[in-house]
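Take a look at the fold below. Follow the strands and then the helices as you read.

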Amino acid sequence: ENRLEYIKNINKIEKMPTFYKEIEGWFDFENLYTDLLLNKLSNNSIFVEIGILKGKSLCYLAELAKEFNKNIKIFGVDIFANELDKITEPYKVVKNQFNLYSECLSYLSNAKVLDRISIIVLFSEDAAKLFTNNSIDCVFLDGSHIEDIVIKDLDCWIPKIKVGGYLCGHDYRGGLQPLIDKYFNEKLGQKVIEIPPHSFLW
């Protein structure tokens, strides 16, 4: 059913996003972002992606928004460095931040979508403080996979999401399932919904 819906969505698009394919990184959930953009987010909706690397998935979403003339507010949050480097090799943080951040901006600028995206170079929990509670339409979590940090991400971003909004994430079957399931069950009293066609989205 989800695949058929994706095909219907794709058929609505006269000009498919293409530049995002030139950006290095992992992005295999075009179907989710297409559905969100076409069917769930309206003008002035706020979308926040945690963990953007070089901006591949954000570029796709922004290209799609541009094609459909949807004025959604897109934010990307990343420190552009490995969490462990800040403890073991702090000089790497500065070097990696500069290199990855510059690459990300260059890609988005070349795709002509930089004006549609706001990049926040902060740790996730600090970035969350910039948003008021009940203000975000959709949060996509794909940042740190360290257990304590994942829990912090959930704790600090869930209150920011509007009632009826969306919380999604990546790598569910890639190691996060027990943690995510336990959190949703114990803290929210809800079950996690996996998003087909593969089992890494929730």
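The paragraphs below go from the sheet to the helices around it.

This is a predicted model, where local features need pLDDT of at least 70, side-chain atom pairs count only at pLDDT 80 or more, and totals for chains, interfaces and linings use all residues. Residues are numbered from 1 along each chain as its sequence is written, and side-chain values use heavy atoms, leaving out hydrogens and water.

Start with the sheet. Strands of a sheet pair through backbone hydrogen bonds, either parallel or antiparallel. Here 5 strands form an open sheet in the order S3-S2-S1-S4-S5, with parallel pairing. Helices (H or I, at least four residues) and strands (E, at least two) are DSSP runs, numbered from the N terminus. Two strands pair if DSSP finds at least two bridges between them. The edges are strand S3 (117–120) and strand S5 (161–169), each pairing on one side only. From one strand to the next, the twist averages 20 degrees. Angles run from 0 to 180 degrees between N-to-C directions, and axes are lines fitted to C-alpha atoms, for helices over the stretch in contact.

Now walk across the strands. S2 (residues 73–77) joins S3 through 4 bridges. There, glycine 76 stands opposite isoleucine 119 of S3. S1 and S4 also pair over 4 bridges, in the parallel sense. Phenylalanine 47 has cysteine 138 in S4 as its bridge partner. Next, 5 bridges join S4 to S5. Valine 139 partners leucine 167 in S5. How many residues of S4 are buried? The count is 6 of 6, so S4 is largely enclosed by the rest of the structure. Buried means under 20% relative accessible area, with a 1.4 Å probe and protein chains only.

Helices come next. Helix H2 (residues 30–40) is mostly covered, with 9 of its 11 residues buried. Among them are Tyr33, Leu36 and Leu37.

Helices H7 (residues 147–157) and H8 (residues 172–188) pack together. Their axes lie 11 Å apart, at an angle of about 40 degrees. That makes H7 oblique to H8. Angles under 35 degrees count as roughly parallel, over 145 as roughly antiparallel, 65 to 115 as roughly perpendicular and the rest as oblique. In the contact (heavy atoms within 4.5 Å), H7 supplies Glu147, Val150, Ile151, Leu154 and Asp155. H8 supplies Leu176, Leu179, Ile180, Tyr183 and Lys187.

Notes. Buried means under 20% relative accessible area, exposed over 50%, partly exposed in between (1.4 Å probe, protein chains only).
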